[in-house]
Number of protein chains: 2
Amino acid sequence: MTTTINGASHARNIRARVAERVARLRHDGHLPGLATILVGDDPASAVYVAAKRRAIREAGMRDFHRHLPQHATQDAVAEVIDELAADPDVSGILLQLPLAAHLDAAALIDRIPVTKDVDGLTTASAGRLARGERGLRPCTPSGVIELLDAEGIELKGACVAVVGWGELVGRPLSQLLLRRGATVTVAHEFTTDLAAVTRPTDVVVVATGVRGLIGPEHVKPGATIIDVGIHRTPGGLTGDVRAAELDGIAGRITPVPGGVGPMTIAMLLVNTLQAAEWAAEQEAAVPA
Amino acid sequence: MTTTINGASHARNIRARVAERVARLRHDGHLPGLATILVGDDPASAVYVAAKRRAIREAGMRDFHRHLPQHATQDAVAEVIDELAADPDVSGILLQLPLAAHLDAAALIDRIPVTKDVDGLTTASAGRLARGERGLRPCTPSGVIELLDAEGIELKGACVAVVGWGELVGRPLSQLLLRRGATVTVAHEFTTDLAAVTRPTDVVVVATGVRGLIGPEHVKPGATIIDVGIHRTPGGLTGDVRAAELDGIAGRITPVPGGVGPMTIAMLLVNTLQAAEWAAEQEAAVPA
C-alpha cells in the first residue's frame, strides 16, 4: 500500500498556525507584511505572484505589491528594492523569478537585505545556511523538510538521495538534510548510474526538471518519494516521478499537484512571519 | 599495488608556480602579503603559524604577523583585524584557530573582509561558494581537489564519499566536488552503516578526527583514499585511515604526514596570491 502524502492538508495546518501568530503580532503592533515584485507580464509568474499575495492576505498579513514593466532597467528595479528595504512596514521582499535576460538577477537578489530575504536566495542567506547560522531558508527545501517531519519520517541516520543540485532546491536541501543528521547523496546530470545511487536510500527527493525521470527501477520498496518537479502537459500537471508506476512500491509519495507545491507557499508565509518576529525582537533590543 | 600520493611533491610544484607569479606581481608593484594573527601561546598553533609564515617568505611574499596575549579581549582582536583590513599592503588575513573560549570566534572571523579571507571561512565566503560565485575557498578542501587533479583522478561522474561534515573540510569539500560533477555522498557520526556508504565509491575523503576509522571493510579495491586526519601518537603522526591495512587494496592513498597537510599550506599561498591579484585588478579598474 502506497500512501499519498497530502501536501495541501499539511500546508493548511501550517498556514493556520501562521495566522494565529500573525494575530498575536498584530495585537502587539507588529503586523507582518510581504512585498512582491513582479517585472513584466509572464503569465506563469503572474499566477504565482497572485497565489502568494492571496495566501499572505488570508494569513492576515499586509500585501505590498510592485509591478514593473518588462523593459524596466536594472536601476529601476534596484530602486524599488531599496525603497522596500528601507520601509519598516515591509517584513519580507520577494523578487519573482525568472527575470528578463537584460537584468542581472544575482545582483538584484543580493540587494535584498538578509533580514528581509524571505526567499532565502541571497548570497548572505546561503552563507548563513552553510555555516548553520540563524537565517531565512529557501521555501521549497524547507517545505520538503516540514513535509517529512509532518509524515513522521525520521531523518537522523536515514539515507536520503537528493536528485538534482539546483540553486533553488537541491543545494540548500542537501544542507538542511545533513543538519538533521541524514546521510545524503547528491545526484545530478553527471551521475552515471542513478538507480544505483537512489535504490539503497530510505528517502528520494527529486528536483531535476526532467519529466518522469524516476520510476520503479530507482526505488527501494517502502521508500518515501518526494517529487518537486512540475510540468504542464495536455493531460494536466505531472512531476519528475512516474507516480503511477510506483504505486504499491513506494511507501509514501507526494502527488503532483498537491504535494510539495502548497508547502512552498506555506513556508513563504512562515518566513515572512519569522522576519517580522526577528524585526520586532531587534526593535525591542534597541532603546528608542 | 597501492600508490602512495606524494602530497609534499605536488605542494612543491604549486609553491614554485606561486613564487613565479609573485615575482611578476612584485615587478608590477603589487607584492602580495599575508598577515597572520596568533592569540595566546598554544604550542601547536605557534608551530602552524610559523610554518605558514616560512612558506609565505619562501614564496617571496611579505610576512606580516601579530601576536596577541592569551587574555586579549574581543575588542583588541577586532581592532587588529580592522587595522589589517584597512592596510593596502596586506593581501590576506589569517586568524589562527582555535581561539580562547572567551573570544567569539565566528564574529572575529566575519570581521575579515571577504576580499582578504584567505582561509575562506567567513560567512560571506561560504555564501559565495554555495552560490558558485568568485571567491576564496577554504585551503584544505581546495588542496584535496588539487591533489586529485594532480593525480589525474577524473571527478566528473565519479562517485565520491566525504566522511565527516565539519566546517573546515567536509562541508566546503562536498560543494567543491559537486561543482566538479562528482556524485557525492556525505557521511558523518549519525551514519548507520558507513561501509555500505563508502564501499561503492571511487574516491573516499576522510576528515573525521577519529583515528583509524577507515579500514579495508570500507574500501572498494582500486579506490583512491584521501586521509585528512592527523593524530599525534607515541609512534608518530597518523591519520583517520588504517593505511597499512589498505596496502594492496586501495589504488592510491595519501600518507600521513606528507599527504594533504603540505597541500593546505600550498593553497594558503595560492589564496594569498589570488587575493593580491584581484586587489590589483580592482585597483586597475578604479580611476585614481
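**Figure 1. Salt bridges across all chains of the predicted model.** Over all chains, the count comes to 32 salt bridges, a salt bridge being a side-chain nitrogen of Lys or Arg within 4 Å of a carboxyl oxygen of Asp or Glu. The model is predicted, so local features need pLDDT of at least 70 and side-chain atom pairs count only at pLDDT 80 or more, whereas totals for chains, interfaces and linings use all residues. Residues are numbered from 1 along each chain as its sequence is written, chains are lettered from A and ligands numbered from 1 in the order in which they are written, and side-chain values use heavy atoms, with hydrogens and water left out.

**Figure 2. The salt bridge between Arg111(A) and Asp82(A).** The closest N and O atoms of Arg111(A) and Asp82(A) are 2.8 Å apart. The pair links distant parts of the chain, 29 residues apart: Arg111(A) is in the loop between helix 4 (105-109) and helix 5 (123-131) of chain A, and Asp82(A) is in helix 3 (residues 74-86) of chain A. Helices (H or I, at least four residues) and strands (E, at least two) are DSSP runs, numbered from the N terminus. Arg111(A) is partly exposed because its relative accessibility is 40%; buried means under 20% relative accessible area, exposed over 50%, and partly exposed in between (1.4 Å probe, protein chains only). Asp82(A) is likewise partly exposed, at 33%.

**Figure 3. Salt bridges of chain B: Asp63(B) with Arg57(B), and Glu83(B) with Arg66(B).** In the pair of Asp63(B) and Arg57(B), the closest N and O atoms are 2.7 Å apart. Asp63(B) has a relative accessible area of 22% and is therefore partly exposed; Arg57(B), at 45%, is also partly exposed. Glu83(B) and Arg66(B) meet through their side chains at 2.7 Å, N to O. This pair links distant parts of the chain, with Glu83(B) in helix 3 (residues 74-86) of chain B and Arg66(B) in strand 3 (residues 62-68) of chain B, 17 residues apart.

**Figure 4. Packing of helix 6 (residues 139-150) and helix 10 (residues 260-285) of chain A.** The two helices pack at an angle of about 110 degrees, with their axes 8 Å apart. Axes are lines fitted to C-alpha atoms, for helices over the stretch in contact, and angles run from 0 to 180 degrees between N-to-C directions. Helix 6 of chain A is therefore roughly perpendicular to helix 10 of chain A, a term that covers angles of 65 to 115 degrees. Residues making the contact (heavy atoms within 4.5 Å) include Val144(A) and Leu147(A) of helix 6 and Met263(A) and Met267(A) of helix 10.

**Figure 5. Helix 5 (residues 123-131) of chain B and its cover.** Seven of the nine residues of this helix are buried, among them Ser125(B), Leu129(B) and Arg131(B). The cover of the buried residues includes helix 4, helix 5 and helix 7 (170-179) of chain A together with helix 7 (170-179) of chain B. Gly132(B), which follows helix 5 of chain B, has a positive phi near 75 degrees.

Figure 6. Ser125(A) is buried because its relative accessible area is 2%. Ser125(A) and Val114(A) are 11 residues apart in sequence, with their C-alpha atoms 6.1 Å apart in space. Leaving aside neighbours within four places in sequence, Ser125(A) is in contact with Val114(A), Asp117(A), Gly120(A), Leu136(A) and Arg137(A).

Definitions and conventions:
Parallel < 35°, antiparallel > 145°, perpendicular 65-115°, else oblique.
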